[in-house]
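Colleague: I am new to reading models like this one. Could we go through it by question and answer?

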Amino acid sequence: MTSFTIQEVARRSGLSEPTLRYYEDVGLVGPIDRDTSSGHRRYRSTDVDTLEALACLRAAGVSIDDMRTYLANRARGREAAAEQRDLLLRHAVRIEEEIAAQRVRLEYLREKAALWDARDRGDDTAEAAAIERLVGVVGELR
């Protein structure tokens, strides 16, 4: 049986060693086998597969509770497919909303820069147009 050290799993998954220990502590993985002589964690391939999935979910901003639900659904297989889909789509919607909010922030910064560019050039017409566009963007920021 192939086993991996915590350092190997951290490199492979992109999760830090403290995060790997935390995920075991809160029951997302494990219990992880221990080396009989040293007591160090020895991860199995199935543990690594689970941790790689958790790393992806974490990168997408999925909460610990939803990770737990994801793993439970994954273990149930096809019978939980609809629940799994809905869980993932809820997070997709959340990310879409975050992207939309970031786009508004980006637009604000670009319009603010355009305003100052017009001022730098002494272009009163461009400055007035930038102010008008900014008013609309500021309303979206709130």
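Modeller: Start just after helix H2, where Gly27 has a positive phi of about 85 degrees. Helices (H or I, at least four residues) and strands (E, at least two) are DSSP runs, numbered from the N terminus. The model is predicted, so local features need pLDDT of at least 70 and side-chain atom pairs count only at pLDDT 80 or more, while totals for chains, interfaces and linings use all residues. Residues are numbered from 1 along each chain as its sequence is written, and side-chain values use heavy atoms, with hydrogens and water left out.

Colleague: Which residues of H2 are buried?

Modeller: Buried means under 20% relative accessible area, exposed over 50%, and partly exposed in between (1.4 Å probe, protein chains only). On the other side of H2, Pro18 and Asp25 are exposed. The buried residues of H2 are Thr19, Leu20, Tyr23 and Glu24.

Colleague: Why do these buried residues line one face of the helix?

Modeller: The arc is that of the directions from the helix axis to the C-beta atoms. Cover for the buried residues of H2 includes H1, strand E2 (33–34), strand E3 (41–44), H3 and H4. Seen down the axis of H2, the buried residues line one face because they fall within an arc of 140 degrees.

Colleague: Tyr22 and Tyr23 form an aromatic pair; how many degrees lie between the planes?

Modeller: Rings of Phe, Tyr and Trp (its six-membered ring) pair if their centres lie within 6.5 Å; planes under 30 degrees apart count as stacked, over 60 as edge-to-face and the rest as tilted. The structure holds one aromatic pair. Tyr22 and Tyr23 are 6.2 Å apart, centre to centre, and the pair is tilted. The angle between the planes is 50 degrees.

Colleague: Is Tyr23 buried or exposed?

Modeller: Tyr22, its partner in the pair, is partly exposed at 42% relative accessibility. Tyr23 has 2% relative accessibility, and therefore counts as buried.

Colleague: What is the relative accessibility of Tyr43?

Modeller: Tyr43 lies in strand E3. Contact means heavy atoms within 4.5 Å, and, leaving aside neighbours within four places in sequence, Tyr43 is in contact with residues including Phe4, Val9, Leu20 and Leu51. Tyr43 counts as buried because its relative accessibility is 0%.

Colleague: Which residues does Arg94 touch, not counting those up to four places away in sequence?

Modeller: Arg94 is found in helix H5 (residues 81–121) and is partly exposed, with a relative accessible area of 23%. The C-alpha atoms of Arg94 and Gly61 are separated by 9.4 Å, although the two are 33 residues apart along the chain. The residues touched by Arg94 are Ala60, Gly61 and Val62.

Colleague: The charged end of Arg119 sits over the ring of which residue?

Modeller: A charge sits over a ring if NZ of Lys or CZ of Arg is within 6 Å of the ring centre and within 35 degrees of the ring normal. Arg12 lies over the face of Phe4, at 5.2 Å from the ring centre. For Arg119 the distance to the ring centre is 4.6 Å, and the ring is that of Trp116.

Colleague: Is Glu127 buried or exposed?

Modeller: Glu127 is found in helix H6 (residues 124–141). Not counting residues up to four places away in sequence, Glu127 touches Leu115, Ala118 and Arg119. Its relative accessibility is 17%, so Glu127 counts as buried.
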